[in-house]
Number of protein chains: 2
Amino acid sequence: VLREIAATLPRENIIYLGDTARVPYGIRSPETVTRYSFENTRFLLAHEIKMLVIACNTASAVSLEAVKRQFPLPIVGVLEPGARAAAAATKTGKIGVIGTEATIASGAYEKAIRRLAPGAEVHSRACPLFVSLAEEGWTDNDVAELVADKYLAPLRRAGIDTLVLGCTHYPLLKTVIGRSVGPEIRLIDSATETAREVKGVLEGLGQQGDGGKEGLRRYCVTDAPERFEKIGKRFLGDSRLCAEQVRVGGDAEVANAEFRGFR
Amino acid sequence: VLREIAATLPRENIIYLGDTARVPYGIRSPETVTRYSFENTRFLLAHEIKMLVIACNTASAVSLEAVKRQFPLPIVGVLEPGARAAAAATKTGKIGVIGTEATIASGAYEKAIRRLAPGAEVHSRACPLFVSLAEEGWTDNDVAELVADKYLAPLRRAGIDTLVLGCTHYPLLKTVIGRSVGPEIRLIDSATETAREVKGVLEGLGQQGDGGKEGLRRYCVTDAPERFEKIGKRFLGDSRLCAEQVRVGGDAEVANAEFRGFR
């Protein structure tokens, strides 16, 4: 999601928070994910952000509404943009959604798609192993193929014509997923759709970053940065990626408050 | 580990803490795992335990020594018992160890085995997908087989005669792992070894639970209990498993302090 937003809005300053000390969110309860989302939002607010993107399908699915009610700034999740693209893309009205256990259990995609296309038939499936495969770097080998076939066979049989990749890890497996469902099924990558939405919201508010210079990127993580940097290089295609460790939650906001944003 | 300890010491009261809001530990840095271990230990100490078992290979590998230095009670990890069993079992002196990224990166098994058998040749390999497979319940299907073959081929080629299952999830994949390495390789399950060690320590201290009645079991988890109960039933073979949610870390000890142990 970050890569797409940075490509779409190259002049914006972006502060990224990866809660690496507590991921994955996809196996947690809605209450715990919401608590983590609140803590993360408070951390980012202390850095004077003008807009928040919840760049995680699980957090978007279970906590977006609560975060919006609590914090007074423009907030975009990754779920709505994906749902909108799927509703626009489908011809048969049969849409597949894959995501984490928590995202699928929430039914949030189904609800969002049905709001836009009331007649749509939504087939959902949790694919928890996809996250581990992406992090292991096994994105296009025989294991990935076998796992994809196993998870996606029921969706293929259901006759979907559109498949939402409802977890930010899944686009790394796009090739294998595409091969498994076949070329006639349109894959929706919420990252691209979200970047478009972020641009639209900033334009609507007249809040786009100006000046001709390239935006700054700052990467914060809650665990030691080494593993994030290693995996992040693959995800972001940035070989010089460098992250710093921060704390969120509890009295951590105070500890981090010395840094002030670059808005 | 809990199942083995409960089977070995049926009359002991056991309080189990699963840090389900922050697992898996195997992808985290030593510093973060140690911080979590300290918080978990403080929670359990508030319940007046007489002995602590760190029933996680990652936490044992990176934090056991620090926890022992900090807290004055008998503490057993799962690593040392497994290392001892492996050193005793090997004939060729070639021992394989599989575990999480953090456990393998720590080199703790290698160090422990070498201390017992200085001439031993230790071949280690992180197998991160095994945890997801065990949690998904794919413990004996074609995916598990393919993943096991991929991870274990280098160990097989190295000519090991003993393989330590250095993560508490892996014994669930014992059948597939055993088939992949072949019947001539001895598998070491640290759970069984740890239970034996716990019994020995309690006997040594004269602290065994007495009375003829069955010990109490109490399950505490840091996330909502539903997912733990579902998976725990499979791991523990207890269909009536019932857990309660608690908080650890920060000022959580105070919040939980109303409960006093059953020592």
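The model is predicted, so to speak of local features a pLDDT of at least 70 is needed, side-chain atom pairs count only at pLDDT 80 or more, and totals for chains, interfaces and linings use all residues. Residues are numbered from 1 along each chain as its sequence is written, chains are lettered from A in the order in which they are written, and side-chain values use heavy atoms, with hydrogens and water left out.

**Chain A**

Chain A has twelve helices and nine strands, taken as DSSP runs (helices H or I, at least four residues; strands E, at least two) and numbered from the N terminus. Its radius of gyration is 18 Å, close to the 18 Å from the globule rule for 263 residues, so chain A is as compact as a globular protein of that length. That radius is taken over C-alpha atoms, and the rule is 2.2 Å times the number of residues to the power 0.38. Of the 263 residues, 54% are buried (under 20% relative accessible area, 1.4 Å probe, protein chains only). Among contacts (heavy atoms within 4.5 Å) with a separation of 6 or more, 73% join residues 24 or more positions apart.

**Asp19(A)**

Asp19(A) sits in the loop between strand S1 (14-18) and helix H2 (30-45) of chain A. What is the relative accessible area of Asp19(A)? At 7%, Asp19(A) is buried. Leaving out residues up to four places away in sequence, Asp19(A) touches Tyr25(A), Tyr36(A), Asn40(A) and Thr222(A).

| Pair | Type | Distance |
|---|---|---|
| Asp19(A) and Thr222(A) | polar contact | 2.7 Å |
| Asp142(B) and Lys150(A) | salt bridge | 2.7 Å |

A polar contact is a pair of N or O atoms within 3.5 Å; within protein, one must be able to donate a hydrogen and the other to accept it, and residues adjacent in sequence count only if both atoms are side-chain atoms. A salt bridge puts a side-chain nitrogen of Lys or Arg within 4 Å of a carboxyl oxygen of Asp or Glu.

**The interface**

Chain B and chain A each bring 31 residues to the contact. About 2,700 Å² is buried between them, with carbon and sulfur atoms giving 52%; this is accessible area (1.4 Å probe) lost on putting the two parts together, summed over both. Across the interface there are four salt bridges and 19 residue pairs in polar contact. On the chain B side, H8(B) gives the most, with six residues.

Key: Buried < 20%, exposed > 50% of the residue type's maximum accessible area, 1.4 Å probe, protein only.
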